[in-house]
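This report goes through one structure piece by piece, from a ligand site to helix packing, strand pairing and backbone detail. Please keep the sequence and the 3D view at hand while reading.

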Amino acid sequence: MYNDNPTLNIQTTNKTIDENKQGEVFFQDKSVDDADKKRFYIESYGCQMNFSDSEIVASILAETGYVSTRNMEESDLILINTCSIREKAEDTVRKRLRVFDKVKSNRPGTLVGVLGCMAERLKKKFLEEEQLVDMVVGPDAYRDLPNLIAGADDGERTVNVLLSREETYADINPIRLLSNGVTAFISIMRGCDNMCSFCVVPFTRGRERSRDAYSIVAEASNLYDKGFREVTLLGQNVDSYKWSAPDESESVNFAQLLERVALVHPDLRVRFSTSHPKDITDEVLHTIAKYENICNYIHLPVQSGNSRVLKLMNRTYDRAWYKERVQAIYRIIPDCAISSDVITGFCSETEEEHQDTLSMLEYANYSMSYMFFYSERPGTLAARKYEDDIPLEVKKRRLSEVIRLQNQISFKHNQTDIGKTFKVLIEGDSKKSDQEFKGRNSQNKMLVFPKKEGLKPGDYVEVKVLEATSATLRGELVD
Ligand code: SAH
Ligand code: SF4
Ligand code: F3S
């Protein structure tokens, strides 16, 4: 889930207690006790990790006496959790800052804080470029927010962009912001030690570190007890998860962590993202196959289908290696769905090399992909070493070919589900109608089906697929 499109702009603070159909008081933005409290408003962009971080920020702010609001006009503190992955993501943030400027001029005293990857990338420079920003806070500095806010309240413009080798926010109990009460994210690691040449993440998120396995399992159990039925374990490269007890008495790898979380409860579904093709092991695949509640779905970004381009990208696998991993997945987990990320028009990519990406989409038979044209990021290896020499219209044309083909493949993938019955976890009402529920199957496909009395979000049901588009399956409940 990447969100750098203004029309997809998701506010993470739009759930009030009234809207929470399950009636779980998990996130409350107004109550009698809160009347005199300060209010914060937060918007998140970028990957799931950022959304998960916003929940950590909400928890830290709650400790400081803030309550959240979905209305920025009445807030004392406006926060934007930013993404730097592509130029467009940063453009979106700057546009939002113009909107916040207006609110600020109508409500003097309101503070504006920039969090996340763009804060980390631009550091102090942000304050020079954006006159109305009061705070710049990097992803490892959220515990310092109360101090930074106090400083800003005193009229200082504050910055903390220190990256840490240890911070995992393990002890912080996130406040679930955009919660449907059924599915939640759990960060299991932070940072990234891979140096994919196109990618800004190692610079904005720092060194890779894994979170205490016990705190992860405890968070999953706690979510289960609160009624949640699905957790997604998050990391930039979950397969390199490795946690050792401080006294070195035990060490836990990703396959072992998956197993521990799966054992929390058979009715708690486990998902994870993102897997790196160079690191995903057969041990992980066998663990997925062994537990029914570990979903049969792997997000395995290929980036390019061509070995020379992959080498330039510093992905450290080649086409043959990737194909072998795809075969291993389908061999060990026959009904597994695989999805991908693709970049078109990377430095010096030829038409033939682009064709290799297209043929890889067919080979891997992805259920879906996130597709982008290459956007040079300052400071990355590619920006320093290679020329960004593919014209924009060529990048875009190649992207449209990738999208067109992926749509055909997704459509076919979904058509083969017609007539099959899947176990679906109900997440809530469908987008179009409150007469219908939506929910996902193990393969992460969204199914929409007419409601039946007595069923509610968080229930598992069997749904038979009757129709399919490239995006959604429609079906009916079976007993
Ligand atoms: N850790 C994940 C990806 C995180 S970034 C992984 O290794 O797969 C999410 C996706 O954004 C990447 O998979 C890549 O496809 C895309 N991306 C990253 N940098 C990009 C850039 N400079 N231009 C275009 N797309 C980019
Ligand atoms: Fe970026 Fe590569 Fe790390 Fe993913 S694995 S976050 S693409 S450097
Ligand atoms: Fe964006 Fe940072 Fe995530 S750059 S994709 S928000 S790790």
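Which residues surround ligand 2? In this predicted model, ligand 2 is surrounded by Cys 192, Asn 194, Cys 196, Phe 198, Cys 199, Val 201, Pro 202, Gln 236, His 276 and Arg 315. Sorted by class, this shell holds six nonpolar, three polar and one charged residues.

An open sheet is built from three strands in the order β7-β10-β13, and their pairing is parallel. Strands β7 (183-187) and β13 (269-273) stand at its edges and have a single partner strand each, so one side of each is left without a neighbour in the sheet. On average, and with direction ignored, neighbouring strands of this sheet are turned by 25 degrees against each other. Strand β10, which covers residues 230-234, pairs with β13 in the parallel sense over five bridges, and within this part of the sheet Thr 232 stands opposite Arg 271 in β13. Helix α7 packs on the sheet, where it touches β7 and β10, and the direction of α7 makes about 170 degrees with that of β7.

**Two helix pairs**

Helix α7 also has a helix to pack against, namely α8, and a second pair is formed by α11 and α12. The axis geometry of both pairs is set out below.

| Helix pair | Residues | Axis distance | Axis angle |
|---|---|---|---|
| α7 and α8 | 213-225 and 254-262 | within 9 Å | roughly 30 degrees |
| α11 and α12 | 319-332 and 351-364 | 11 Å | about 15 degrees |

Because angles under 35 degrees count as roughly parallel, α7 and α8 are roughly parallel to each other, and α7 passes α8 in a right-handed crossing. In their contact, Ala 213, Tyr 214, Ile 216, Val 217 and Ala 220 of α7 meet Leu 257, Arg 260 and Val 261 of α8. The residues of this contact divide into seven nonpolar, no polar and one charged.

For the second pair, the angle of about 15 degrees between the helices makes α11 roughly parallel to α12, and the crossing of α11 and α12 is right-handed. From α11, the residues Arg 319, Tyr 322, Lys 323, Val 326, Gln 327 and Tyr 330 meet Asp 356, Ser 359, Met 360, Tyr 363 and Ala 364 in α12. By class, the contact of α11 with α12 has six nonpolar, two polar and three charged residues.

**The five-stranded barrel**

Five strands form a closed barrel that runs β17-β18-β19-β21-β20, and the pairing in this barrel is mixed. The twist from one strand to the next averages 55 degrees.

**Backbone detail in two loops**

Most residues other than glycine have a negative phi, and most peptide bonds are trans. Against that background, two places in the backbone deserve a look. Ser 273 and Thr 274 are joined by a cis peptide bond, with omega at about 10 degrees, and Thr 274 lies in the loop between β13 and α9 (282-290). Ser 348, a residue other than glycine, has a positive phi near 70 degrees, and the place of Ser 348 is in the loop between β15 (337-344) and α12.

Methods
Residues are numbered from 1 along each chain as its sequence is written. Chains are lettered from A and ligands numbered from 1 in the order in which they are written. This is a predicted model: local features need pLDDT of at least 70, side-chain atom pairs count only at pLDDT 80 or more; totals for chains, interfaces and linings use all residues. Side-chain values use heavy atoms; hydrogens and water are left out. Axes are lines fitted to C-alpha atoms, for helices over the stretch in contact, and angles run from 0 to 180 degrees between N-to-C directions. Helices (H or I, at least four residues) and strands (E, at least two) are DSSP runs, numbered from the N terminus. Angles under 35 degrees count as roughly parallel, over 145 as roughly antiparallel, 65 to 115 as roughly perpendicular and the rest as oblique. A crossing is left-handed if the near helix is turned anticlockwise from the far one by less than a right angle, and right-handed if clockwise. Contact means heavy atoms within 4.5 Å. Ala, Val, Leu, Ile, Met, Phe, Trp, Tyr, Cys and Pro count as nonpolar, Asp, Glu, Lys and Arg as charged, and the others, Gly among them, as polar. A residue is near a molecule or strand if one of its heavy atoms lies within 4 Å of it. Two strands pair if DSSP finds at least two bridges between them.
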